[in-house]
Amino acid sequence: MDIHVSIEGRGDRIERVYRALRDAVLDGRLRHGERLPATRELAVSLGVSRSTVSTAYERLTAEGYLAARVGSGTFVAMPVQVVSGSGARPTKSASARQGALPVPTWRDLADPLWTEPRPIAYDFSVGSPDPALFPADAWRRSVASALRGAALRTAHYTDPAGVERLRAGIARHLGLARSVAATAGDVVVTSGAQQAFDLLARTLLQPGDTVAVEDPGYPPVRQLFEQLGARVVPVPVDDHGLRVDLLPAARLVYVTPSHQFPLGGVLPLERRTALLEWAARNDAVIVEDDYDSEYRFGARALDPLQRLDADGRVVYVGTFSKTMLPGLRLGFVVAPPSLVPALRSAKRLTDWHNDVVTQTAMARLLDSGAFAAHVRRARRVYEERHALIGREAGDLLSGRLAVVPSAAGLHLALRPVDGVAFDSTRVMEAAAIAGVAVQALPRFAVGTGWEGLLLGFGSIVSEDIPDGLRLLAEAVGRSRPGRPTA
């Protein structure tokens, strides 16, 4: 390995080499079992004599920091945990001197969806698909094919908008599955939906612009707009989604019309029409987040806002995080032609382009029909879990919580029955103690009065759902106002 040893300053060079190497062992930069450079090699790189390095090595070996193996070299002999607290020089990051600080708006920015990890037996977390349903064999073949092809044989950066084949595949798939009107030229590939929102905010908003968001809604989007200087106005939702009649004058509105996050309502056609009319009156942009509508159970989906838009005011955002895996970091924007050049430029300045191999592999899945087949298989599994949770929760929590009707997605919302006092955070904590992970609805809301729970079914198999819900029902019973949670 290459080792940088600082030997500047006055004093014995042997002593300085010795102390630099000893400190590297003590603070963990040199780890137990790692091989050090040969004495001649390190001497050349430091510009000192070989005898200087050899003497330092001998001293470190005598003190137990290093071990010499005949014919193999010199290795670190002392694990870090053995010498921790031994009075070694603190690392720079641990020094008392304060380093660079972020601007105030980024200090202590909390993640509202994060919870302290606990042993969990029944995971009703929201937002992730079941990794066991990931089409690993098809993906492996697709990646291998991409590696054999031209994906890695270019010496240049590629189009910031994404690989042409993938953009064409996305446009074709959306046209068939969601009636989205798009060509490859309308698509910009992103690192998940969150980067899509970031690019849109950068290209559409100036500090002080008003942005309307759903309340309750998706916190990372609201936080992003706030951090970029927008004036964010929460707009209430009801059982049918965004209250369009309560929208203020704004530059942009973020909406989840096909499956309102987190309650699950579907924006009816009359509200979709009213929303498009509002955008025209206010010269505003509608960001349509169609995050998990691939999983629709029974009910026919309404046409997306993008399809109904005749004025080029709707930007459609989608992701493969719910249908494949979040770790692939693949999302996309379908934008009006007037916006695409700016999005391409913003993407180039952000990270230039996504990984070409992953893009090419995803394009092959779309072209071959393997992706559509995977979605159909996964939909059947999720439909079973969706029905099971609705049925079991309705029985076990009857009289306390009611399931909010929803015909799509990877989670269900539960709201307190009228007249029932309910402390969502208290219940969530009590459930976690019992080994059940759920999320409290207030974490997604700006306004008050939004009590309830969210139950995801992407991370729990059908066989575990009844037992998990029984434990949750017991936690609800223990968490009534005035009663202890444990």
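A residue is called buried under 20% relative accessible area, exposed over 50%, and partly exposed in between. Leu109 has 38% relative accessibility, so Leu109 counts as partly exposed. The model discussed here is predicted.

**Surface patch**

Leu109 belongs to a nonpolar patch on the surface. Val103 and Trp106 complete the patch with Leu109. Together the three residues have about 290 Å² of accessible area. Leu109 itself lies in a loop, between helix H4 (80-83) and strand E3 (122-123).

**Aromatic pairs**

How many aromatic pairs does a search of the whole structure find? The search finds ten. One of them joins Phe197 and Tyr254. Their ring centres are 5.4 Å apart, with 90° between the planes. The geometry is edge-to-face. Phe197 lies in helix H7 (residues 192-204) and Tyr254 in strand E8 (residues 252-255), so the pair ties together parts that are 57 residues apart in sequence. Are these two residues buried or exposed? Both Phe197 and Tyr254 are buried.

Tyr218, Phe261, Tyr291 and Phe444 form one aromatic cluster.

**Charges over rings**

Arginine side chains meet aromatic rings as well. The charged end of Arg59 sits over the ring of Tyr18. The charged end of Arg69 sits over the ring of Phe75. The table gives the distances.

| Charged residue | Ring | Distance from charged end to ring centre |
|---|---|---|
| Arg59 | Tyr18 | 3.7 Å |
| Arg69 | Phe75 | 3.9 Å |

Technical notes:
Residues numbered from 1 in each chain as written. Predicted model: local features only at pLDDT ≥ 70, side-chain atom pairs only at ≥ 80, totals over all residues. Heavy atoms only, no water. Patch = residues over 30% accessible without salt bridge, like charges linked within 9 Å, V, L, I, M, F, W, Y side chains within 5 Å. Areas by Shrake-Rupley, 256 points an atom, 1.4 Å probe, with all protein chains shown as cover. Salt bridge = Lys/Arg side-chain N within 4 Å of Asp/Glu carboxyl O. Helix = DSSP H or I, 4+ residues; strand = E, 2+ residues; numbered from the N terminus. Buried < 20%, exposed > 50% of the residue type's maximum accessible area, 1.4 Å probe, protein only. Phe/Tyr/Trp six-rings, centres within 6.5 Å; stacked < 30°, edge-to-face > 60°. Lys NZ or Arg CZ within 6 Å of the ring centre and 35° of its normal.
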